[in-house]
Amino acid sequence: MLDDVFRDEWGRVLATLVRLLGDIELAEDAAQEAFVAAAERWPRDGEPVNPTGWLIATARNRAIDRIRRERTLNEKTRQLNWAMVEPPEETMNEATIFPDERLELIFTCCHPALALDAQVALTLRTLGGLSTEEIARGFLVPFETMSKRLSRAKHKIRDAGIPFAIPPDHLLTERLEAVLAVLYMIFNEGWGGGRVDLASEAIRLGRALVELMPDESEPRALLALMLLNDSRREARFRNGELVLLDDQDRSLWNKQQIAEGRALLERVLALQGGGAYAIQAAIADLHLEQPRDWQEITLLYSALARLTGSPVVEVNRAIAVAETDGPEAALELLDELPLNDYRYFHSTRADLLRRLGRNAEARVAYGRALTLASTDPERRFLEGRLLELRPQTAADWEELWTSTLDELKQIVEREPEDAP
Amino acid sequence: MKYALLVYGCTAARDALSEDDRRRVDADIALLLARSNVSGWVRLQPVESATTVRHEDGRTLLTDGPFVDSKEYLGGLIMVEAANLDEAIAAAGDFQATLARHAGAIEVRPVLAAE
């Protein structure tokens with residue numbers, strides 16, 4: 001793990017090196033070397049006037065030395081067919097001004113020709129400066145798996161000719177959407193678990209994107225959304241247990257993040273930004289008010305559902321509808337959604353059924369949510385709810401027995417799918 | 001860079017084409033293949049004409065049919081010149097739009113440069 005000082009430089013330095021060297025893997029090795037050299041020298045000789053320039057120049061010169069060495073080594077066998085342009089003779093120095101090419105790097109890493117999990121990992125590695133090991137821990141996969149995922153992605157970028165460029169206008173909206181989706185996915189991954197601080201990482205990347213694309217409203221809206229959600233981080237868990245919003249200790253909310261998130265959101269709305277992240281940020285903002293304006297929240301979710309057509313958004317709309325029109329109406333909305341494998345679909349349904357006193361059905365739904373839950377606090381929360389709903393009277397048991405039988409019957413009677 | 005566009009079709013969709021449709025598709029394909037970014041192409045006879053050759057225990061084994069037996073078949077291969085993957089994808093998109101009635105999908109594969 002790099003020092004925080006270095007972490008801020010990593011993406012900048014790496015992006016320029018990718019441009020200069022034409023290959024991410026080579027750029028990464030060179031950057032690594034330069035950072036090691038800096039860690040040795042800077043404390044001894046003092047920090048250079050232009051640290052970024054120093055790191056880039058050092059990394060580039062070392063990479064070129066290495067390419068030359070390898071070339072001589074391979075001359076006899078003629079194996080190396082390196083596509084690099086012949087490096088200019090003069091040595092770059094730290095006074096050279098290098099343009100910031102992080103945006104090109106972001107668009108390369110989030111190219112839709114790469115699998116989404118590869119986009120996410122690569123963005124964290126190249127722009128976030130996280131180590132392969134940290135990313136593996138963040139996503140709960142073995143180191144080997146993550147390492148392979150990263151090198152496959154880097155090789156595909158090189159071999160398939162994925163451009164190192166900001167997409168042309170006619171592709172920009174669609175590609176920017178992919179970038180935002182990657183950042184938001186990193187944020188959400190960090191929110192549930194707290195294994196590696198991926199949420200802060202996503203916010204850091206979000207800030208960089210806003211800085212790089214100051215005229216686009218959606219990056220700013222996404223940053224606002226992440227800040228407003230992250231502001232409740234300290235209050236979301238008490239002794240390791242999940243605390244629902246209404247029960248949260250509001251004095252634990254991060255006022256600075258809320259203020260920043262709101263300022264960003266105001267700016268987005270003032271500039272007529274009405275994209276999906278702007279709406280979500282506005283909803284996140286409303287959730288921080290007490291009492292919550294469910295009418296307004298329902299409206300915003302309806303707008304978001306129209307914009308995205310996403311059934312996941314409908315689940316959230318149903319939660320708001322439960323507050324304005326009652327759980328019954330919400331349940332009707334939910335039951336039309338094709339989300340059998342989505343854990344919040346089942347936990348939301350379970351909660352509505354519980355509120356309607358339909359305990360047996362609620363138990364089944366909580367059970368289903370439990371099998372899909374991905375973090376321990378979530379699991380414990382659902383187990384707690386199941387425990388509260390355990391059958392207590394003879395009538396409860398009777399009901400449980402009937403509903404279990406019904407379910408078994410359904411399973412037995414179901415036509416076998418895809419029978420050979 | 002050179003890219004190969006591997007054009008796949010679905011047998012069901014192909015069989016559903018009328019004689020007229022087929023002629024129209026052929027004309028569309030001819031136009032596409034005449035484009036300046038196309039550097040070469042191969043169109044294949046129906047997949048039913050394929051023979052697969054394997055080598056096992058020193059013997060050559062023949063099977064009637066393609067290597068991968070599925071509802072999709074490889075219909076042809078088009079070589080295009082493109083500056084990068086985005087350009088190649090755009091070219092594939094044009095082909096796909098024209099061949100939609102015929103082709104299931106197009107696989108874009110960068111071509112290994114000759115040593």
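1. Which residues have the most contacts inside the largest nonpolar core? They are A:L17, A:A31, A:L183, A:A224 and A:A281, and the core has 117 residues. A nonpolar core here is a set of buried Ala, Val, Leu, Ile, Met, Phe, Trp, Tyr and Cys residues joined through C-beta atoms within 7 Å. Buried means that 20 or more other C-beta atoms lie within 10 Å of the residue's own, with C-beta atoms placed from the backbone.

2. A word on the basis: this is a predicted model, where local features need pLDDT of at least 70, side-chain atom pairs count only at pLDDT 80 or more, and totals for chains, interfaces and linings use all residues. Residues are numbered from 1 along each chain as its sequence is written, while chains are lettered from A and ligands numbered from 1 in the order in which they are written.

3. Chain A holds 20 helices and two strands, taken as DSSP runs (helices H or I, at least four residues; strands E, at least two) numbered from the N terminus. Of its 420 residues, 37% count as buried.

4. Back to A:L17: leaving out residues up to four places away in sequence, A:L17 touches A:A27, A:A30, A:A31, A:I56, A:A59 and A:R60. Contact means C-beta atoms, placed from the backbone, within 7 Å.

5. Now for A:A281. This residue sits in α13(A), and is among those that meet A:R262, A:L265, A:V268 and A:L269 of α12(A). The contact's residues divide into six nonpolar, no polar and two charged (Ala, Val, Leu, Ile, Met, Phe, Trp, Tyr, Cys and Pro count as nonpolar, Asp, Glu, Lys and Arg as charged, the others, Gly among them, as polar).

Methods:
Two residues are in contact if their C-beta atoms, placed from the backbone, lie within 7 Å. A residue is buried if 20 or more other C-beta atoms lie within 10 Å of its own, exposed if 12 or fewer, and partly exposed in between; C-beta atoms are placed from the backbone.
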